[in-house]
There are 2 protein chains.
Amino acid sequence: MFEIIGDGGVTSPKGFTAGATYAGLKTERDTLDLGILFSDIPAVAAATFTQNSVVSPSVIVSRNRLSNDTHRGIVVNSGCANCSVGSQGVLDAEEMISLASKNLDVSPDDLFVASTGMIGVELPMALIRQNIGNIKLDNNSGSDFAKSMMTTDTYHKERAVSFIHDGETVVIGGASKGVGMIHPNMATMLCFISTDANVDKLFLQEVLSDVVNDSFNMIDVDGDQSTNDSVILLANGASETSQINKDSDSADAFKEALSYVCVELAKELVKDGEGAKTLVEVSVEGARTKEDARKSSRAIASSILVKAMVHGKDPNWGRIVMALGSSGIDIEENKIDVFISDIHIVSKGIAIPYYKDAVVSAMADKEVHFKVNLNLGEYSANAWGCDLTEDYVVFNSAYST
Amino acid sequence: MFEIIGDGGVTSPKGFTAGATYAGLKTERDTLDLGILFSDIPAVAAATFTQNSVVSPSVIVSRNRLSNDTHRGIVVNSGCANCSVGSQGVLDAEEMISLASKNLDVSPDDLFVASTGMIGVELPMALIRQNIGNIKLDNNSGSDFAKSMMTTDTYHKERAVSFIHDGETVVIGGASKGVGMIHPNMATMLCFISTDANVDKLFLQEVLSDVVNDSFNMIDVDGDQSTNDSVILLANGASETSQINKDSDSADAFKEALSYVCVELAKELVKDGEGAKTLVEVSVEGARTKEDARKSSRAIASSILVKAMVHGKDPNWGRIVMALGSSGIDIEENKIDVFISDIHIVSKGIAIPYYKDAVVSAMADKEVHFKVNLNLGEYSANAWGCDLTEDYVVFNSAYST
């Protein structure tokens, strides 16, 4: 039970401000590449990070801060991943935090840091030193903050929702970026979420990890996994309502609202996938375990040949079955049902007669839905992918040059 | 110590004949789509098959025959994978064997069967019944046999080598196909190998499994894994030399010669990868274990973003490090060296100054070599991939339509 806040974002919850500036990290002028999200009062934080073993020092610095009791905000840059740059990367991430903390008049321990962009290039600290002071924080700059972390994204991604707790309105807002190097676990992206709910820190982490598992960890653009993924959630309690913990009446409402924000932002990343024109939702039902449903839906959403067939509006369903078989879960081929946008294509593992033009036509939509019923159990999961287009190749064959 | 036989193939070893015909399974007339490889005398066999859990009934039928003591040959069709067609697929595979066995005057138990092409379509048995009798076997039709299994391959792939055993010349020949749905384990392909060596059946299987692990299981075109992969090796002893087993003086020579045939054929599959213009060899050295070297070299060769950068001749080495980090092996980032075609790019995890134009120019070759030294141990492995081009997307977005 939640309400969607039109044009909402990270500054929709009470007590959060944000801002951004152009510091010169991107080559296009008049873009934003350095941003800050700030809570007026101390907030508890939860976070999840990339599982790549090559990790940006920005991630290392943020991960080390997570165990602190409270936090005040996040400083983020695009244009440079601050990755594969040796120990200088940690010094630069710490300095970026230190510069921001002086402007905000808080302790450096209170801030997280995140970076996204080219790997193997040092942060141009002189530009950051020179320009970070230009960031003005206010209630209306959530979108600027969202824009400041864009790399190859074609638009910025924001969502906010509200729900009622203790008879009062509580708000969750989020911003995210990342449309390439996207693959579970976890999707290659940054997402920052703010809420004015008052939430127990342990419960906050538990809910965030669950929600990320069913949202950002279920999307794929290109099978590649980045070095800088971070999802950071700040809960500052500015709604002045009672604490939400695992035993609260509102525990489910909070999780449902957070889940909506994360699933919607995750889907936006895939929709805006490099070169993508079509969002594919893959639902696997009737699995023996939740993990089986997750693994197999992700395998289908990640398959390059499935992505190519979506681009071609080609109901070449053998590729769906091939990807399902590659996922490593136990299946019984003679029980499998496959549907493309609700049209029944395969029954008990065998093609059934269907009107091909109807499927081709259904696949011309901006969003295509593949459903596989394994008919083995009670578990289900959704994963999201996008089509693979010529534009992806053109784009990614000349990124650094 | 082996000699390469120019224009050699599966009929280069003594006692093997082959042939092929057009049966009407492919739409282009004047192509070949049904072939037979035959040993004049009983041969022992070894084989490896796809690890996808959706498996073509042709694979099931062949797998069930592998435990027989001896075999005489293989019947193969392209144009139809005989997969996801229910129990009819087993009946059809058995009938294809039965039809061939009558023509060859051997028992149906003596033959393997393999199919490749579209998934989800039943074998057009009427056409196979009508045309299989047209196959004429002789010593000069190894290339026709190789052509009869081509699907999206642009050329047929054959290799043969000889080595000296007991003072006599022993020959190994092979033919393979498969340029899409290629990913370890195992690469999506068919490969049939003949030898006139007299080899112990257990040793034959052991050597083949090892060699496949370092050849066909180390290549990637698109990350997708097919339902029909088969490598089948027949050893008929027609060289009339003593038996080769694990204790023979020639055990290593046999493995080395077989390895050459399989690695060369595996590289041909990648070179001819759908839309591919460049072969990439990825060598990982200095790994703690062989499995670490295998996993990480494969991860780099399989990365879509690495493939795209090869296409763009773009020395965006951060993607090599990203893929290495995604491979799941333990690394120490500050020990990694990276070389592109022998040019040192990264030292101890950090970019070193290099002349970028020289790297761009080296990457313009038909074959590009990435070397990563983990500097952690003594193990190494090679994997092979190809570039990702617009042509791959164009091609695969309209395959069935």
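Predicted model: local features only at pLDDT ≥ 70, side-chain atom pairs only at ≥ 80, totals over all residues.

Student: Which elements of chain B supply the side that touches chain A?

Tutor: At least two residues each come from α8 (304-311), α9 (318-326), β14 (350-351) and α11 (390-396) of chain B. The most come from α9(B), which gives six residues. Sorted by class, this side of chain B comprises 24 nonpolar, 21 polar and seven charged residues.

Student: How is the size of the interface expressed?

Tutor: Interface size is often given as the accessible area lost when the parts come together. Here, chain B and chain A bury about 4000 Å² between them, with 58% of it on carbon and sulfur atoms. Of the area that chain B buries against chain A, 12% is supplied by L305(B), M322(B) and V393(B), more than by any other three residues. The contact involves 52 residues from chain B and 52 residues from chain A.

Student: How should I read a pocket?

Tutor: Rolling a probe the size of a water molecule over the atoms shows where empty space is left. In this model, the second largest pocket holds about 350 Å³ of space.

Student: Which residues lie nearest the centre of the second largest pocket?

Tutor: They are L25(A), K26(A), T27(A), G79(A) and M118(A), out of 13 lining residues. By class, the lining has seven nonpolar, four polar and two charged residues.

Technical notes: Residues numbered from 1 in each chain as written. Chains lettered and ligands numbered in written order. Heavy atoms only, no water. Contact = heavy atoms within 4.5 Å. Buried area = accessible area lost by both parts, 1.4 Å probe. Helix = DSSP H or I, 4+ residues; strand = E, 2+ residues; numbered from the N terminus. Nonpolar A, V, L, I, M, F, W, Y, C, P; charged D, E, K, R; others polar. 1 Å grid on protein atoms, 1.4 Å probe; cavity = no way out; pocket = protein on both sides within 12 Å on 5 of 7 lines; lining within 4 Å. Points joined across faces, edges and corners; volume = space filled by probe spheres on them.
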